[in-house]
Amino acid sequence: MKKPKIVILGAGYGGMITASRLSKELGYNEADITLVNKHDYHYQTTWLHEPAAGTMDPEKTRMKISEVLNLSKIHFIKDVVVDIKKDEKKVILENSELDYDYLVVALGSEPETFGVPGVFEHAFSKWTVNGARQVRDHIEYMFSIYNNEDEKRNELLTFVVAGAGFTGIEFIGELSERVPELCAAYDVPREKVKMYVIEAAPTALPGFDPELVEYAMNLLESRGVEFKISCPIKEVTEHGVLLADGNEIKAETVVWATGVRGNALIEKAGFENMRGRVKVDPDLRAPGHDNIFIIGDCALIINEEINRPYPPTAQIAMQQAAVCASNLKALIHNAPTKGFKPEIKGTVASLGGKEAIGIVFDRKLYGSSANFMKKMIDNRYLYMLGGTPLVLKKGKNPL
Ligand code: FAD
């Protein structure tokens, strides 16, 4: 009998766990599995605020796909997906085309600008390894030129983070921790550095426990961060940001972290979507497409308790991947598929240094205990993917 062809697009949290599970759960003769990704490495998106602020070597966030997946069972193609022709069951890549019987779309997200002009032209918005390296190098360059210009321009040392969600808070946590070291290295008086976090919603970390939000804001303010809450950004310009209240903050560095939308290929392929995310069926298939699974940041799942979408997270992407792999196996064996329900075990945000906040198994955690938990969560993922050797190679010291 002809083996079904399974094609997985994207080697992030969703794609990697799907591929890894399928390679373990299906025999050699049960399916041809192909994984496509634009790089030959997988990276830890959830760590990128660290290399972006310069507190972690970017190399630590990435790993060769060939070193963590069993490529005797998975055919890996390094290429860029340019279109999905769902009616023809074809994927168009930059350098070739692929036919599939089953498709898994796990292509992640893109920055959401909410229509604010100037984001792509003047802000740093790419949460990728190369994007993080660019932010780190730019920050260092700003420090390095400050003392070398005749006119002392404050905007060189003004850093604006747009968005006080998880990504924005984790990034400013790292940056505020690093600023004293940068000031010492580049002979810059500490009081010259200004850091702003600008948020349109009425609170930082919307939806998070208010006590933990207060802890985070107090800590970051003690490191010199200034919050502007309920303060939408009207435009990003080459000189900084224009605010809806009419004020302007002059800054040579604007980091965009206001949230994400699904990969643009979702819209291009003609899936019904909301901001690039497909409201998938309970078993994670795209409505009307029995052979296409959509997982991770490209999928939209409603939290019935509050009738709002779950925020896209790595935690949910990995859980979906496990269910997606098991449903693919079920389809190949003509067995019924199962429904997906997120099990939110906890949420922890790092604040730089040995500080973090979080809720894990309904318990609030602050400071070093939250930081310990955050690093254990990071190491657990490495363990799931590559066992103890990967934890030893790439893992974080939780103490
Ligand atoms: P991704 O992990 O983004 O993977 C998508 C993959 O597809 C990438 O490898 C990409 O290169 C590839 N790709 C994209 N387009 C193409 C193309 N056209 N062709 C080929 N390949 C392509 N979540 C948490 O649960 N906890 C956290 O603490 C947390 N912290 C975060 C911190 C930061 C700084 C950021 C940016 C995000 C954080 N998140 C966190 C969110 C989390 O990273 C995402 O929800 C998660 O990465 C989504 O997984 P995914 O598999 O859908 O996509």
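Visitor: Which element gives the most to the shell around the ligand?

Guide: That's α9, with three residues. Helices (H or I, at least four residues) and strands (E, at least two) are DSSP runs, numbered from the N terminus. Before we go on: this is a predicted model, where local features need pLDDT of at least 70, side-chain atom pairs count only at pLDDT 80 or more, and totals for chains, interfaces and linings use all residues. Residues are numbered from 1 along each chain as its sequence is written, and side-chain values use heavy atoms, with hydrogens and water left out.

Visitor: How many residues surround the ligand?

Guide: A residue is near a molecule if one of its heavy atoms lies within 4 Å of it. Here 30 residues surround the ligand, and G14, V81, D297, A314 and K374 are the closest.

Visitor: Which backbone atoms lie 3.1 Å or 2.8 Å from an oxygen atom of the ligand?

Guide: Polar contacts are pairs of N or O atoms within 3.5 Å. A backbone N or O atom of G14 sits 2.8 Å from a ligand oxygen, and for Q315 the distance is 3.1 Å. A polar backbone atom of P312 is 3.5 Å from a ligand oxygen.

Visitor: How much of the ligand does the protein bury?

Guide: Accessible areas come from the Shrake-Rupley method with a 1.4 Å probe. Alone, the ligand exposes 1,000 Å², and the protein buries 88% of that. The elements giving two or more residues to the shell are α1 (13-25), α6 and α9 (314-332).

Visitor: How do α1 and α9 cross?

Guide: Two packed helices are described by the angle between their axes and the distance between the axes. Axes are lines fitted to C-alpha atoms, for helices over the stretch in contact, with angles from 0 to 180 degrees between N-to-C directions. The axes of α1 and α9 come within 8 Å and cross at roughly 35 degrees. Contact means heavy atoms within 4.5 Å, and the residues making it include G14 and I17 of α1 and A314 and M318 of α9.

Visitor: What about α5 and α6?

Guide: The axes of α5 (residues 129-146) and α6 (residues 166-185) come within 12 Å, crossing at roughly 35 degrees. Among the residues in contact are V135 and F143 of α5, plus F171 and L182 of α6.

How values were computed: Polar contact = N/O pair within 3.5 Å; in protein donor to acceptor, adjacent residues only side chain to side chain.
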